[in-house]
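Please take me through this model in a viewer, stop by stop. At each stop, tell me what to select and what is found there.

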Amino acid sequence: MVPAIDNAPGSRLVVEITALRKSFGEVEVLKGIDLNVHQGEVIAIIGKSGSGKSTLLRCINGLETFDDGALRVDGKQLLHESPTAMRELRQHVGMIFQSFNLFPHLSVGRNVMLAPTLVKKRSKTEAAERARTLLERVGLADKFDAMPDQLSGGQQQRVAIARSLAMDPAVLLCDEITSALDPELVGEVLRVVELLAQEGMTLLMVTHEMNFARKVSDRVIFMHQGRVHEMGPPEELFGSPRTPELKQFLSSLH
Ligand code: ADP
Ligand code: MG
């Protein structure tokens, strides 16, 4: 009999990382990471500053090369020595950063349309239609013609999310996307991420919002000194941390 797991929805692997290593000069910042991410899974990555969280995400979307190990995204093997493969890869992986990085000279709508027209060769009409749909999804239907500097930080970050989604990424990576926001704007961005999670988007997010991680994620990863130090369901990691390092990290947050 076929094991049930093979037929389970979402059992497809979107990201497969095996023994991934990365050094900057003499310093090894990823010391053998193993991680599988299933379709529709929401994973929160937590850990101290400098533990390698951003570097891991940057390797997954090909912004950073790696030294050893294997990385597959959406079934495609990424070879660390191939810049072409990296560019290819980036089309399947969306990434959102702490800074919103919108193109300041382009309207909100044009920001969302840009990659689909340039990279995917979509027609302007088609791209504009999709952009309107995506902006509606992030609660910004009325901002299509606005310029980025007319928007609040929270609104700009929601545009950045819409812009990522326009490329139909297999997985969306979020690196502390609310850290640069005024506290009163954090909620509106987290609500959009939560909506995406509910809709079945595969999400890998580095976050300091522990309550949010606890509520939304299927799995939490605690990184410590370049390794996955603990991994498990949120109630387990937050409720009964096993290692002194995680206990210490969690108590440092209060
Ligand atoms: P985190 O996101 O968990 O704070 P990072 O992945 O940004 O951690 O960094 C991990 C380590 O790698 C840190 O010691 C950092 O200084 C170092 N590092 C990150 N990027 C570079 C780089 N481009 N060149 C040299 N060292 C880097
Ligand atoms: Mg970081």
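Select Gln 225 to begin. In this predicted model, Gln 225 has a positive phi near 50° and belongs to the hairpin of β9 and β10, which has two residues between the strands.

Strand β9 covers residues 219–224 and strand β10 covers residues 227–232; the two run antiparallel and are joined by five bridges. To look at one pairing, pick Phe 222, whose bridge partner in β10 is Glu 230.

What is the order of its strands? It reads β6-β7-β8-β3-β9-β10, an open sheet of six strands with mixed pairing. The edges are taken by β6 (93–96) and β10, and each has a single partner strand, so one side of each is left without a neighbour in the sheet. On average, and ignoring direction, neighbouring strands of the sheet are turned by 20° against each other.

Select Met 95 and you will find Leu 173 of β7 opposite.

The next stop is a pair of helices. Select residues 108–118 for α4 and residues 124–137 for α5: they pack with their axes 9 Å apart, at an angle of about 125°. That angle is why α4 counts as oblique to α5. The crossing of α4 past α5 is right-handed.

To show the contact, display these side chains:

- From α4: Val 108, Gly 109, Val 112, Met 113, Pro 116 and Thr 117.
- From α5: Lys 124, Ala 127, Ala 128, Arg 130, Ala 131, Leu 134 and Leu 135.

By type, the residues of this contact of α4 with α5 are nine nonpolar, two polar and two charged.

Finish at ligand 1. Which residues surround ligand 1? Select Phe 24, Val 29, Gly 47, Ser 49, Gly 50, Ser 51, Gly 52, Lys 53, Ser 54 and Thr 55. Colour this shell by type and you get seven polar residues, two nonpolar and one charged. Helix α2 (residues 53–60) supplies the largest share of the shell around ligand 1, with three residues.

Note on methods: Residues are numbered from 1 along each chain as its sequence is written. Chains are lettered from A and ligands numbered from 1 in the order in which they are written. This is a predicted model: local features need pLDDT of at least 70, side-chain atom pairs count only at pLDDT 80 or more; totals for chains, interfaces and linings use all residues. A residue is near a molecule or strand if its C-beta atom, placed from the backbone, lies within 6 Å of it. Helices (H or I, at least four residues) and strands (E, at least two) are DSSP runs, numbered from the N terminus. Ala, Val, Leu, Ile, Met, Phe, Trp, Tyr, Cys and Pro count as nonpolar, Asp, Glu, Lys and Arg as charged, and the others, Gly among them, as polar. Axes are lines fitted to C-alpha atoms, for helices over the stretch in contact, and angles run from 0 to 180 degrees between N-to-C directions. Angles under 35 degrees count as roughly parallel, over 145 as roughly antiparallel, 65 to 115 as roughly perpendicular and the rest as oblique. A crossing is left-handed if the near helix is turned anticlockwise from the far one by less than a right angle, and right-handed if clockwise. Two residues are in contact if their C-beta atoms, placed from the backbone, lie within 7 Å. Two strands pair if DSSP finds at least two bridges between them.
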